Amino acid sequence: MNDGTTLPGADPDLLYSEDEDALRAAVRSLLADRSDPATVLAGLESDVAYDTGLWHSLATEIGTAGLLVPEKLGGAGASAREAAVVLEETGRSVAPVPFLTSAVIAVTALLGCDHGRAEVAAPLAALAEGRTVGVLAVPLPTAPGGLPEPASVRADANGALTGRVTSVADAAAAELLLVPAQGPDGPALYAVEASADGVRTDTVTPLDLTRPLGHLTFDGAPGRLLATGDRARATLDRALLTGAGLLASEQLGIAEWCLAETVRHTAARTQFGRPVGSFQALKHRMAALWLEVASARAAARNAADALATGSPDAPVAVAVAQAYCAPVAVRAAQECVQLHGGIGMTWEHPAHLFLKRAKSDELALGSPGRHRDALAGLVGIAAP
């Protein structure tokens with residue numbers, strides 16, 4: 001596993017290690033067996049928020065829930081590089097599991113708090129072991145550094161929370177809510193049990209049915225204080241930055257599946273006695289898409305490596321990755337639907353799942369335009 005250290009000025013490592021390849025093989029085998037397109041489509045027609053059996057296998061049996069958690073705190077002691085590999089595979093299968101929201105964003109938020117306190121260490125261990133699903137209670141489109149102040153939720157001196165947060169990803173699946181709130185002494189982060197009195201989750205119908213959204217309402221809900229002030233701000237920004245950077249790997253997985261499936265289909269589909277993929281116009285479109293996917297892989301890997309090594313350039317790497325990978329995933333999914341012809345427009349073909357996930361991901365954790373604006377500020381180039 002990556003030890004999370006780097007030499008000053010070292011070049012980013014964009015290649016996959018043997019451990020990462022082994023992790024990929026295990027995750028891909030599981031998802032091929034338990035999250036094939038027919039299974040995902042069937043699950044969307046049920047009222048289940050996510051596939052609990054699949055999540056248990058992925059989180060506990062393979063151990064992906066604790067990848068970002070140090071071994072001394074009950075985790076695997078891996079890094080963002082390994083988490084990125086898992087997200088590539090969940091993107092490639094549009095798996096309905098809360099890996100990004102729980103094992104990446106919520107875990108990173110807890111890691112930024114004082115895990116010497118029982119209020120932090122206990123939920124962190126539960127998330128790392130896959131016993132609990134946690135989410136950070138912010139709207140899905142929230143970008144790094146984009147949390148409003150004051151927060152929409154307020155906490156009184158006794159830790160009772162009141163307010164509302166809309167469009168929270170995997171809210172219905174969550175057992176633990178990490179809630180940014182305006183406390184008596186300023187910004188704060190609280191832990192709230194999703195089943196507690198005073199907490200209501202209203203599910204909404206999202207574009208991407210594989211990542212459910214919910215509105216959270218707090219009416220005097222009991223919260224446990226995790227962090228306050230500058231530490232709370234830094235913790236939340238780091239969680240959102242990590243989420244945005246690793247979301248690029250999910251977008252890469254989406255684009256790779258769409259390209260591979262499109263090439264397969266156009267090689268098998270014949271017209272005028274020859275495969276449609278042999279027509280020059282389609283060759284050019286798929287070649288251009290291949291170049292974009294290859295570039296997206298470099299951007300996503302650079303972001304994952306920067307987060308894993310604690311590079312000071314991580315915000316730049318994340319902004320570049322999101323600004324580039326999000327539109328590539330959408331374009332790949334659009335081409336997949338179009339080049340499949342009529343069958344690509346049907347519910348039975350899984351292409352629409354990837355297009356919907358790609359469009360949802362394009363807005364998640366900041367739009368490409370939001371990240372381009374952030375990048376301009378980070379590198380000192382004024383936006384036009």
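Biologist: Which helix holds Leu375?
Modeller: Leu375 sits in helix 11, which covers residues 368-379. Keep in mind that this is a predicted model.

Biologist: And what does Leu375 touch?
Modeller: Leaving aside residues up to four places away in sequence, Leu375 touches Val316, Ala319 and Val320.

Biologist: How far is Leu375 from Val318, along the sequence and in space?
Modeller: They are 57 residues apart in sequence, and their C-alpha atoms are 8.9 Å apart in space.

Biologist: Let's step back. How is the chain divided?
Modeller: Into three parts: domain 1 is 18-132, domain 2 is 135-230 and domain 3 is 234-379.

Biologist: What separates the centres of domain 1 and domain 2?
Modeller: A distance of 21 Å, with the centres taken over C-alpha atoms. Their contact involves 20 residues of domain 1 and 17 residues of domain 2.

Biologist: How much area do domain 1 and domain 2 bury between them?
Modeller: About 1600 Å², and 71% of that is on carbon and sulfur atoms. Interface size is often stated this way, as the accessible area lost when the parts come together.

Biologist: Which elements of domain 1 give two or more residues to that side?
Modeller: Helix 2 (37-44), helix 5 (99-111) and helix 6 (118-128) do. Helix 5 gives the most, with 6 residues.

Biologist: What classes of residue are on the side of domain 1 that touches domain 2?
Modeller: There are 15 nonpolar, 2 polar and 3 charged residues on that side.

Biologist: How many salt bridges and polar contacts are there between domain 1 and domain 2?
Modeller: The salt bridge count is 0. For polar contacts, 3 residue pairs are found across the interface, with both residues at pLDDT 80 or more.

Biologist: Back to helix 5. What does the side chain of Thr101 pair with?
Modeller: Thr101, which lies in helix 5, has a side-chain polar contact of 2.6 Å with Asp170. Beyond four places in sequence, Thr101 touches Ala106, Gly134, Val135, Ala169 and Asp170.

Biologist: Is Thr101 buried or exposed?
Modeller: Thr101 has a relative accessible area of 7%, so it counts as buried. The cut-off for buried is under 20%.

Biologist: What about Thr242, buried or exposed?
Modeller: Thr242 is also a buried residue, because its relative accessible area is 5%. Thr242 is in helix 7, residues 229-268.

Biologist: What is the phi of Val94?
Modeller: Val94 has a positive phi of about 35°, although it is not a glycine. Val94 is in the loop that runs between helix 4 (80-92) and helix 5. Its relative accessibility is 2%, so Val94 is buried.

Biologist: And the phi of Ser167?
Modeller: Near 55°, which is again a positive value in a residue other than glycine. Ser167 is part of strand 3, residues 160-169.

Biologist: Why does Ser167 count as partly exposed?
Modeller: Because the relative accessible area of Ser167 is 22%, and partly exposed runs between the buried limit of 20% and the exposed limit of 50%.

Conventions
Residues numbered from 1 in each chain as written. Predicted model: local features only at pLDDT ≥ 70, side-chain atom pairs only at ≥ 80, totals over all residues. Heavy atoms only, no water. Domains from an automatic or database assignment. Contact = heavy atoms within 4.5 Å. Buried area = accessible area lost by both parts, 1.4 Å probe. Salt bridge = Lys/Arg side-chain N within 4 Å of Asp/Glu carboxyl O. Polar contact = N/O pair within 3.5 Å; in protein donor to acceptor, adjacent residues only side chain to side chain. Helix = DSSP H or I, 4+ residues; strand = E, 2+ residues; numbered from the N terminus. Nonpolar A, V, L, I, M, F, W, Y, C, P; charged D, E, K, R; others polar. Buried < 20%, exposed > 50% of the residue type's maximum accessible area, 1.4 Å probe, protein only.
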